[in-house]
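User: Hi! Could you walk me through a helix pair and some strands in this structure?

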Amino acid sequence: MKKDPSKIILTFTATQWYCMPDAFMKMAQEIHKENMPVTWQINYETAETECEQINAFHEKYGDEIMMIGGGGEKEKWQKLFPWSKLNIVGGARPSPEGASSLEKSGIEGVWGYCDFQTGNDGITHWGCPWGMFRLSKKVPFIPSTDSDIIGIPWTLRDIHKTYSLNQAINFCTDPIEHIRTKTLDKGDNISFFQNLFDELLENTAWNERVYACIHEECDGPFIFSGKETSNEGATAEQSELMYGMMRNWIRYAKRRGATVMTLAEAVEDYKAVTKGGVLPSTLLTRDKHHGRIFQYVLPPSKGTDLGEFGDAGNFPDTIFHYDKDCMLIFRSPSMQPETVLDYKTQTVTEKGGYPRQQELPYIRGWECNRTDDEKTFEYRLSSWVSIPYGLFEWGNFEGWKVKATNFDEVKIIGNRGMLLRFEINLKEKTAMEINDEMARGMKYFVTLERE
């Protein structure tokens with residue numbers, strides 16, 4: 001398996017929650033310096049005011065439109081932007097209500113999902129996949145094949161730090177958040193993004209797509225006339241550092257070979273690749289930023305109070321995996337997942353997060369035997385619950401391939417490990433069969449051979 005930078009889909013989204021032509025023009029000027037198309041998230045009033053300039057930007061740079069609202073007004077939007085696909089709506093708090101009506105009106109994507117976020121800005125999407133995913137009609141932020149609408153992330157995050165610290169805001173690619181942390185990227189210093197992008201690039205070897213969605217509100221860095229700071233609190237110096245940061249992020253990703261798309265193009269690409277299914281994602285993540293960061297939002301990182309600098313490392317290598325049936329998170333060196341989310345249950349907590357599976361299978365036996373250029377891993381598991389599940393065998397698997405297995409899927413992750421996915425289904429078994437399997441353990445195996 002080889003790295004392929006073209007599998008990284010790079011998008012840039014700029015939001016105007018209300019009409020702000022000066023901030024809009026400044027954002028366009030800065031991003032277009034990198035010959036990067038902007039997907040503008042705007043309401044209809046803003047669209048009317050800025051349509052002439054956006055039409056010109058589309059002609060020159062390929063800019064696109066994402067509607068705040070839409071629905072019955074789509075025909076009006078089409079008159080302003082006859083070239084636009086107008087297939088995406090956006091907002092701060094996506095929900096499943098109206099998914100069927102959105103499909104009927106030709107909407108194919110909903111922007112604004114915040115993976116692993118808990119509470120900040122009143123948004124809890126804990127349990128939401130990273131990247132793009134086909135959206136469930138029953139639960140607002142998990143994958144399913146029952147919909148033709150694609151969920152789109154608010155912004156790219158370092159999920160290793162986000163999960164480890166229980167803090168989704170500090171480690172995202174929203175420039176104002178880097179200024180607020182006081183220790184991450186600024187202007188020409190983009191070590192955070194470089195390390196994160198390089199990790200995404202490594203993961204293209206075993207993923208069909210990896211998404212790098214960058215975002216900023218137009219008034220995040222922009223300082224309006226007569227004001228000393230932006231609406232987000234950035235000083236004049238910080239404003240320039242933020243614009244420089246965005247340009248340098250885009251420049252680095254393009255130079256490394258990422259495929260540039262608008263959100264509309266990315267949604268169409270996702271649907272073409274998946275053909276009605278959910279694209280699984282398996283990310284090997286490592287500790288990248290060491291040092292301390294300033295805590296400025298609730299909930300603060302583990303063990304830290306607001307207004308303090310808290311440690312940002314070190315944490316063990318972690319595998320993040322999701323598919324249409326579950327999310328599994330493995331921390332080295334544990335073989336069993338630390339977190340299991342059973343997407344099949346299609347339920348949600350009262351506070352909006354997705355529940356962890358509490359009752360998990362356990363391993364009764366585990367061994368590996370090798371003869372010459374073959375080796376076989378055997379496992380015996382007991383379970384009282386039906387559940388989509390998996391194991392991760394840490395080690396060096398470079399140069400090995402699967403010869404035989406009774407797992408549903410085996411994915412070798414470079415020279416770092418092997419993901420074993422399977423389904424435990426007890427519903428068709430008798431009580432006696434279940435008791436026998438509890439006593440002996442259900443047997444699973446995988447045999448590898450040298451490539």
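This is a predicted model: local features need pLDDT of at least 70, side-chain atom pairs count only at pLDDT 80 or more; totals for chains, interfaces and linings use all residues.

User: Is the crossing in which α7 passes α8 left-handed or right-handed?

Analyst: Residues are numbered from 1 along each chain as its sequence is written, and side-chain values use heavy atoms, leaving out hydrogens and water. Helices (DSSP runs of H or I, at least four residues) and strands (E, at least two) are numbered from the N terminus. A crossing is left-handed if the near helix is turned anticlockwise from the far one by less than a right angle and right-handed if clockwise; α7 passes α8 in a crossing that is right-handed.

User: Which residues of α7 and α8 make the contact?

Analyst: Contact means heavy atoms within 4.5 Å. From α8 come W249, Y252 and A253, and from α7 come F193, Q194, F197 and D198.

User: How many residues of strand β14 are buried?

Analyst: Buried means under 20% relative accessible area, exposed over 50% and partly exposed in between, with a 1.4 Å probe and protein chains only. C326, L328 and F330 point one way from β14 while M327, I329 and R331 point the other way, and all are buried. β14 (residues 326–331) is largely enclosed by the rest of the structure, because the buried count is 6 of the 6.

User: Which residue of β15 is the bridge partner of I329?

Analyst: Two strands pair if DSSP finds at least two bridges between them. β14 and β15 (residues 339–342) run antiparallel, joined by 4 bridges. Within β15, I329 has as its bridge partner T339.
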